[in-house]
Amino acid sequence: MWFSLAAFAGVSFVFQQAVNSQLREELGYPFWAGFVSYLGGTLAMLLMVFAMREPWLSASTLSRVSMMSWTGGLFGAVYIAISILTLPRLGAATLVALIVLGQMVASMAFDHFGILGVPVHEIGFTRLLGAVFLMVGVILVRV
């Protein structure tokens, strides 16, 4: 089931890229398209809070959150903006291939060094080989 959910997230990801790119064309502005995308996501998460009956966050809970933890939306905004700007120029397949490559390289560094509390999984030969195959895949998708 978890593998199916992860695969569905990948399908959703491609839809998000295409919809955001279309929204940019319709609105005429890339950053308004990103704003609308985030607003829709914010409303969806708020609906999930209500549907799952999660309690409201208290001031004491919010005060315990580290400064770094507040930056997730910033990194998401960078990702959305770059995706909106590059999809029309690169195409969906190339964009997604490059994003996956960037995710793999960064995640291997996070794993190897335990960045931000990620459990340590050292980079070995097979993991490196997998990253090389991803790079080759990006080249083949682009050709």
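Where is leucine 116 found? Leucine 116 is in the loop between H5 and H6, and we will come back to this residue below. Please keep in mind throughout that this is a predicted model.

## Overall architecture

Let's start with the fold as a whole. The chain holds 6 helices and 0 strands, so its pattern along the sequence is simply α-α-α-α-α-α. The C-alpha trace spans about 50 × 45 × 30 Å along its principal axes. Among contacts with a separation of 6 or more, 55% are between residues 24 or more positions apart.

## Surface and charge

Of the 143 residues in the chain, 19% are buried. The accessible surface is about 10600 Å², and carbon and sulfur atoms account for 75% of that surface. As for charge, there are 6 positive and 5 negative side chains. The centres of these two sets lie 3 Å apart.

## The largest nonpolar core

In soluble globular proteins, nonpolar side chains tend to be buried together. Here the largest nonpolar core has 5 residues: Phe13, Leu87, Leu95, Val96 and Ile99. Helix H5 (residues 92-113) gives the largest share of this core, with 3 residues.

Leaving out residues up to four places away in sequence, Phe13 touches Tyr79, Val96 and Ile99. Val96 and Ile99 are also members of the core.

Is glutamine 17 buried or exposed? Glutamine 17 has a relative accessible area of 2%, so it counts as buried. This residue is in helix H1, and beyond its neighbours within four places in sequence it is in contact with Tyr79, Ser83, Leu87 and Leu95.

Not counting residues up to four places away in sequence, asparagine 20 touches Ala33, Ser37, Ile80 and Ile84. Of these, Ala33 and Ser37 fall within helix H2 (30-51).

## One salt bridge

Side chains of opposite charge can pair when their charged atoms come close. How many salt bridges are there in this model? The count comes to 1 salt bridge. It joins aspartate 111 to arginine 127, and the closest N and O atoms are 3.0 Å apart. The pair links distant parts of the chain, with aspartate 111 in helix H5 and arginine 127 in helix H6 (residues 125-142), 16 residues apart.

Aspartate 111 is buried because its relative accessibility of 15% is under the 20% cut-off. Arginine 127 has a relative accessible area of 29%, so this residue counts as partly exposed.

## Positive phi in two loops

Most residues other than glycine have a negative phi. Arginine 53 has a positive value, with phi near 55°. This residue lies in the loop between helix H2 (30-51) and helix H3 (59-63). With a relative accessible area of 76%, arginine 53 is exposed.

That brings us back to leucine 116, in the loop between H5 and H6. Its phi is also positive for a residue other than glycine, near 55°. At 61% relative accessibility, leucine 116 counts as exposed because the value is over 50%.

Technical notes
Residues are numbered from 1 along each chain as its sequence is written. This is a predicted model: local features need pLDDT of at least 70, side-chain atom pairs count only at pLDDT 80 or more; totals for chains, interfaces and linings use all residues. Side-chain values use heavy atoms; hydrogens and water are left out. Helices (H or I, at least four residues) and strands (E, at least two) are DSSP runs, numbered from the N terminus. Buried means under 20% relative accessible area, exposed over 50%, partly exposed in between (1.4 Å probe, protein chains only). Contact means heavy atoms within 4.5 Å. Accessible areas come from the Shrake-Rupley method with a 1.4 Å probe; for residues, only the protein chains shown count as cover. Lys and Arg count as positive and Asp and Glu as negative; His and the chain ends are not counted. The place of a charge is taken as NZ of Lys, CZ of Arg, CG of Asp or CD of Glu. A nonpolar core is a set of buried Ala, Val, Leu, Ile, Met, Phe, Trp, Tyr and Cys residues joined through side-chain atoms within 4.5 Å. A salt bridge is a side-chain nitrogen of Lys or Arg within 4 Å of a carboxyl oxygen of Asp or Glu.
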